[in-house]
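Have your viewer ready and follow along, one selection at a time. Each stop tells you what to pick and what you will find there.

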Amino acid sequence: MAEELDRVDVVVVGTGWAGGVVSAELAKAGKDVVALEKGEEKVRSDYIGVKDELRFDNRYDIMQNLRGDTVTSRNEVDETALPIRSPQTMQIGIDTGGASVHWAGATYRYWPYEFEMRSQTIDRYGEDKIPEDMNLQDWGITYEEMEPYYEQWEYMAGIAGEQDPLAPERNQPWPNPPMMETPSLRLFKEAASNLGLHPYQLAAGNMTENYENPDGEVLNTCMYCSYCTRHGCDFDAKSDPIATVIKTANRHDNFELRHKANVRRVLYDEDENMATGVLYVDENTGLEYEQPADVVVLAAFAFANNRLLMLSGIGEQYDPETREGTLGRNFNGQYNHAFHGATGYFEDEQFNLYMGAGALGATLSDYAADNFDHSDLDFLGGGAIELRQYGFAAITSSNNVPGDTPNWGREYKDASLHYAYRTLTIWYTSNAMSYWHNYVDLDPNYTDEYGDPLLRVTYKFGDNERNIAEFGIERCTEIMEEMGADTVESGSVPDEFNHVYSGGHYTGGVVMGDDPETSVVNSYLQMWDVDNLFVVGGSAFPQHGGHHPTPTIGALAYRAAEGIQMYMDEEEGQLVQAKNRRNIT
Amino acid sequence: MADEEKKFSRRDFLKTSGVAAGGIVGGAMFGGVVGSLYTSDQETDTADQETDTESSLTHGAPLDDARTYFSRREDFETLAAATEVIYPEDDNGPGAIELGVPYFIDRQCNEFWGRNAREYMMGPYDYTASSTHGYQAKITRAEMLLNGVRRLREVSQEDHDDEFYDLDEDTQIGILEDFEAGDVEVPGAAGGDFFSLLRTMTIQGVYADPVYGGNRDYGGWRMIQFPGPRMGWINEIESEEFQEIEPEGLRTYQGGGM
């Protein structure tokens, strides 16, 4: 039997940007907050002295151990899904700070068009432009409404950047100046400018100056050591929850963070239609605990947010046969259709590509969102074209051989040593749409170590994914040719989703909106059906924007934190008037 | 410079000492002799000694180390020979054997990666069910490598009447190409998976930090011009010139109480 613990005001599941922001804001507001992290405690010194490519990039040291829990995956609704067994193909952040510790730091806001993608597409191109199989939706919030939350997150995180010449003018400048320019970035920018495009320096979660954020947390100047993405920063120089929001929350006695606390259920009172707390297992002892709370905040990765609701019997499961139900509907993400482009091999130029930082890069928005006319194009949306200089260590760099080179033996060795640091890749960070046939539910065959069903992902590309990939490859190829590479290789459009979950940009299933018939949470990420349950994170994206998702998750977390305080202090019940009340019980 | 410090390799030893690879030699004596030779800074004119490539190329590995997963010596010799074909010694520098890659793989087999301790390993299993769902095998990576190495030996015996490590390089390449194409069945592994694993582990052994047992003397990093971890590159990163920097690894980086 689970031991029942003392009631708290708020229990937060997860400690990434979503859970971290909510925890910090509610702790600052004086609420009694308990945050539960499934993984281990990690502090800064866990990342000092451990700059090790094999351990973090090839053995996935700070990704979830899949032994007890993964997802199953299939393309078609009538297939049997198979479990994704290895962290090579399933990387989910874990431990203090979650995926927000190993993130790269690339920072974009989504565009005004993207938040109102359905209505603005209809306005500009007519309803016929939207394919019948696509569940294109507005987010139930506008860019103008999101702007203050973006700014709040960016200042908390100390983002370093410059104004994108094509983006809406910022109300405040970025809190830090942009990162340094390197020869490879300069080459990209010059080539893009020659083509009449508008390159600029990618905004970064890497500090360019010593910085004190509005909560008083101090971050240090990035040293460009390159051990950034998939690693934790050793210097508080990449913004992450350990350096910021978790530290802020921990300054308050009314906040408690419990590690190895694996939440298995939201406790739910069906008669009252209220969440009453959560059930979790202490992964050190195997003992179970019930943590009662006035407000429950699910702020885990998109997979876990969906699955916890399903396991707890909360919400109406989406069924692709009837197209009824909202939970698990509109599951989306930047799968293997995104991040295609072109690779250039330079015979006479060797770049210092082993130096870098997670978000050191150059980018352009000419082909993002609806910044270009889609009248004659066979897809909706767009994305950034980026050149990144992450800093590439030896194992990664040894893959840089032209496509017709064997990948082992004498010819491989010779070519890989030659091209390791003479290779540049640019890519298109394209939108990902939602379709009636893509969703998540509970798997009928595979279980976790406790016997609970795994989450099952059913996902295949729509035409939009292949067409947008092809468009991006063409544009990237033009730029790479202008960059003067001796050999330019264009990416190839993938046939189908390949069940590789290595990029972390998986979203939806508990989507936000203004209509309970097509969304699970309102624009404060409050569940339509359950007033005291907030589901925060990428799970709220109705479709995936054409940029990296993290800043939008951070901004939504500030929005949710504001909503939770309003709910607790001012107005119980729903914070937003539903557009269509039919489904509300 | 590194090239001048190149250590006396197992291959050289086999040539000069006349120890045949198939021979069984007393461990203590053998280790003692080889250890002293291997750790010496004695320079050798390898060019003069490399006329007899057939008998030496595929044999052995640096002997100042020991295996803890591959029990049968012949299995380990086969693994070593295969890694050397995948990443051969050439004018650029050392191959997989001299870099310690066979020992790197042996150790990886014995720890969490080889034992699949971070994988979802609950059934039902069907390694033939899909070619796009990544790892679906019931066996661990270590078992897959062992099964594959045993198949390499069987195929070599069946088709060429010899151990894999006694075959010439072209024949070895041909056999490995068959494994790569999935034309040879390896128990529990879908077509090509054993070779793909072997290839990946070999490259990782060449380029991972030397603390894992491969990339000996930073030979892999030196060839690819990767300097290893440092506090940062803020003073160099804007440079137009490629910075060639002598490699240092975690042993140096963590040194001094880091």
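A word on the model before you click: it is predicted, local features need pLDDT of at least 70, side-chain atom pairs count only at pLDDT 80 or more, and totals for chains, interfaces and linings use all residues. Residues are numbered from 1 along each chain as its sequence is written, while chains are lettered from A and ligands numbered from 1 in the order in which they are written.

**Stop 1: the core**

Select A:Val22, A:Val297, A:Val535, A:Val536 and A:Ala557, the residues with the most contacts inside the largest nonpolar core, which has 234 residues. Such a core is a set of buried Ala, Val, Leu, Ile, Met, Phe, Trp, Tyr and Cys residues joined through C-beta atoms within 7 Å. Buried means that 20 or more other C-beta atoms lie within 10 Å of a residue's own, with C-beta atoms placed from the backbone. Now colour helix H13 (residues 550-569) of chain A, which gives this core its largest share, nine residues. Helices (H or I, at least four residues) and strands (E, at least two) are DSSP runs, numbered from the N terminus.

Which residues is A:Val22 in contact with, leaving aside its neighbours within four places in sequence? Among them are A:Val12, A:Ala299 and A:Ile564; contact means C-beta atoms, placed from the backbone, within 7 Å.

**Stop 2: where the chains meet**

Show both chains: 51 residues of chain A are in contact with 53 residues of chain B. On the chain A side, the elements giving two or more residues include helix H2 (53-58) and strand S20 (439-447). H11(A) supplies the largest share, four residues.

**Stop 3: a helix pair in chain B**

Chain B has eleven helices and zero strands, and 45% of its 258 residues count as buried. Select helix H7 (residues 141-160) and helix H9 (residues 193-207) of chain B, which pack at an angle of about 110 degrees with their axes 9 Å apart. Axes are lines fitted to C-alpha atoms, for helices over the stretch in contact, and angles run from 0 to 180 degrees between N-to-C directions. H7(B) and H9(B) are therefore roughly perpendicular to each other, a label used for 65 to 115 degrees.

To see where the two helices touch, show B:Arg141, B:Met144, B:Leu145 and B:Gly148 in H7(B), which meet B:Asp193, B:Phe194, B:Leu197 and B:Leu198 in H9(B).

Technical notes
Buried ≥ 20, exposed ≤ 12 C-beta atoms within 10 Å, placed from the backbone. Parallel < 35°, antiparallel > 145°, perpendicular 65-115°, else oblique.
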